[in-house]
Amino acid sequence: MSQPLLMPKATAVWLVDNTALSFDQIAAFCTLHPLEVQGIADGDVASGIMGVNPIQNGQLTKEEIEKAEGNPNYRLKLSDPKVRVAAVKRKGPRYTPISRRNERPNAIKWLTRNHPELKDAQIMRLVGTTKSTIESVRENSHWNSANLTAMDPVTLGLCSQIELDLEVKRASKDAGVPNEVAEGTTLLTAEEALARANARQEEYGSQEDDGEGRRNQGHEDLDADSVFSKLKSLKSNADE
């Protein structure tokens, strides 16, 4: 991102007073209208503004000015800054459009109901609300609690699905909740699937063999003579 020109009108005043640049060149460099630059030269515009030297603040070089003075069609170019200052990150709650601000209590209700592991600070980051609002929704003391409806903040456009998943993952990690891995949602390689099928087949086969062995052992334990003797004894008892 290119650095903007510092104090463009004050720079234009200095260029008008100290260079032979045309009004169009100064206007293009200072992002002004040529008539406005002409008004500066006539003293009708910016009469109380002190000129600022762009060479001293490092935004122009003397060679660049001389090059432009020799060619009226040439346009001045800003010099690259020697020191680049990082943009200051804005701290504070997330900005929420006015049209969506009335939906924040509904989103808070959805988050507290479906993700109770989320901390208040995380909910504040997701929907751009305050801690007092979260507590009032959670305790049903909100002024509009009777009309609140739990709604997904992603659907409402208050946050993205990636941001929500990230906060939920952080909350689960802090709470020590193990990540559940659903076997049905993972894809197995052909070798793993074949090995699992063979293992199950061997397991079922061993169970069937054990059952058949028990049945055979039960049949072997039964002797024909003992069976007939029991039948004869039952018949004699019935005759008596």
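Buried means under 20% relative accessible area, exposed means over 50%, and partly exposed lies in between (1.4 Å probe, protein chains only). The model is predicted, so local features need pLDDT of at least 70 and side-chain atom pairs count only at pLDDT 80 or more, whereas totals for chains, interfaces and linings use all residues. Residues are numbered from 1 along each chain as its sequence is written, and side-chain values use heavy atoms, with hydrogens and water left out.

**Exercise 1. The contact of α7 with α8**

Task: Describe how the axes of α7 and α8 cross and which residues make the contact.

Solution. Step 1: two packed helices are described by the angle between their axes and the distance between the axes. Axes are lines fitted to C-alpha atoms, for helices over the stretch in contact, and angles run from 0 to 180 degrees between N-to-C directions. Step 2: the axes of α7 (residues 120–127) and α8 (residues 131–138) come within 10 Å and cross at roughly 105 degrees. Step 3: α7 and α8 are therefore roughly perpendicular to each other, the classes being roughly parallel under 35 degrees, roughly antiparallel over 145, roughly perpendicular from 65 to 115, and oblique for the rest. Step 4: the contact (heavy atoms within 4.5 Å) is made by Asp-120, Ile-123 and Met-124 of α7 and by Lys-131, Ile-134 and Arg-138 of α8.

**Exercise 2. Salt bridges between helices**

Task: State how many salt bridges the structure holds, and locate the partners of Arg-138, Glu-36 and Glu-167.

Solution. Step 1: a salt bridge is a side-chain nitrogen of Lys or Arg within 4 Å of a carboxyl oxygen of Asp or Glu, and the structure holds 4 salt bridges.

Step 1: Arg-138 pairs with Asp-120, the closest N and O atoms being 3.0 Å apart. Arg-138 lies in helix α8 and Asp-120 in helix α7, so the pair ties together parts that are 18 residues apart in sequence. Arg-138 is partly exposed at 40% relative accessibility, while Asp-120 is buried at 17%.

Step 2: Glu-36 and Lys-9 meet in a salt bridge of 3.0 Å, N to O. Glu-36 belongs to helix α3 and Lys-9 to helix α1 (residues 8–18), and the two are 27 residues apart. Both residues are partly exposed, Glu-36 at 24% and Lys-9 at 30%.

Step 3: Glu-167 forms a salt bridge with Arg-125, the closest N and O atoms being 3.1 Å apart. Glu-167 is in helix α10 (residues 161–175) and Arg-125 in helix α7, 42 residues apart. Glu-167 is buried at 6% relative accessibility, whereas Arg-125 is partly exposed at 41%. Salt bridges that share partners join Arg-125, Glu-167 and Arg-170 into one network.

Definitions and conventions:
Helices (H or I, at least four residues) and strands (E, at least two) are DSSP runs, numbered from the N terminus.
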